[in-house]
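Let's take a friendly walk through this model. Have the sequence and the 3D view open as you read.

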Amino acid sequence: MRYLLDTSICVFFLRGKMNLDIIVKQIGLENCYISEITVAELRFGAENSDNPTKSHKAVDEFLKGLTILPIFSCIRRYASEKVRLRKIGKPLHDEFDLMIGVTAIENQLILVTDNLKDFERLENIKIENWFERNL
């Protein structure tokens, strides 16, 4: 099994709210991916923190060994999914979440998130919530 880690899961780990390192050891680092969008969100969070230098270092450490997926190959699915959701009256208002979700779908990865409500609207997405497993 291969997994795309959503930003929320990464933030939980960086804030010490979950033992992601233990779970990753069990499934293998080579099976864990993140989107370029997640990197952007993590960098924003680091820059916006009380101690940006320390936070950026934590992000740097976190990113070591993870495969970062580009979004270019997912843009067409992003557009079609955004239109589909709008037509059925259930648009996803967070563009970053939509892009992360379609990245998981396009790369045939299981999305790891605690934001089930928004992501489960996406067609053909597979989701796991490791935060629940960690409680």
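Is Phe62 buried or exposed? Phe62 counts as buried, because its relative accessibility is 10% (buried means under 20% relative accessible area, exposed over 50%, and partly exposed in between, with a 1.4 Å probe and protein chains only).

Before going further, a word on the basis of these values. This is a predicted model, in which local features need pLDDT of at least 70 and side-chain atom pairs count only at pLDDT 80 or more, while totals for chains, interfaces and linings use all residues. Residues are numbered from 1 along each chain as its sequence is written, and side-chain values use heavy atoms, with hydrogens and water left out.

**An aromatic pair and its helices**

The whole structure holds two aromatic pairs. One of them joins Phe13 and Phe62, and this pair is tilted, with 5.6 Å from centre to centre and 40 degrees between the planes. Rings of Phe, Tyr and Trp (its six-membered ring) pair if their centres lie within 6.5 Å; planes under 30 degrees apart count as stacked, over 60 as edge-to-face and the rest as tilted. Phe13 belongs to helix H1 (residues 7–14) and Phe62 to helix H4 (residues 52–63), so the pair ties together parts that are 49 residues apart in sequence. Helices (H or I, at least four residues) and strands (E, at least two) are DSSP runs, numbered from the N terminus. Phe13 is partly exposed, with a relative accessible area of 25%.

H1 packs against H4 and also against helix H3 (residues 36–47), as the table shows.

| Helix pair | Axis distance | Angle | Handedness |
|---|---|---|---|
| H1 and H4 | within 11 Å | roughly 115 degrees | right-handed |
| H1 and H3 | 10 Å | about 40 degrees | right-handed |

Axes are lines fitted to C-alpha atoms, for helices over the stretch in contact, and angles run from 0 to 180 degrees between N-to-C directions. A crossing is left-handed if the near helix is turned anticlockwise from the far one by less than a right angle, and right-handed if clockwise. H1 and H4 are therefore roughly perpendicular to each other, whereas H1 and H3 are oblique (angles under 35 degrees count as roughly parallel, over 145 as roughly antiparallel, 65 to 115 as roughly perpendicular and the rest as oblique).

Cys10, Phe13 and Leu14 of H1 make the contact with Ala58, Val59 and Phe62 of H4, where contact means heavy atoms within 4.5 Å.

**A threonine in a loop**

Where is Thr113? Thr113 sits in the loop between strand S4 (110–112) and helix H7 (116–119), and counts as buried at 0% relative accessibility. Its side chain makes a polar contact of 2.7 Å with the side chain of Asp6. A polar contact is a pair of N or O atoms within 3.5 Å; within protein, one must be able to donate a hydrogen and the other to accept it, and residues adjacent in sequence count only if both atoms are side-chain atoms. The Thr113 side chain also reaches the backbone nitrogen of Asn115 at 2.9 Å. Leaving aside neighbours within four places in sequence, the contacts of Thr113 include Ser8, Phe119 and Glu128.

**Positive phi in loops**

Gln108, in the loop between helix H6 (95–106) and S4, has a phi near 55 degrees, a positive value in a residue other than glycine. Gln108 counts as exposed at 71% relative accessibility. Asn124 has a phi near 70 degrees, again positive in a non-glycine residue, and is exposed with a relative accessible area of 61%.
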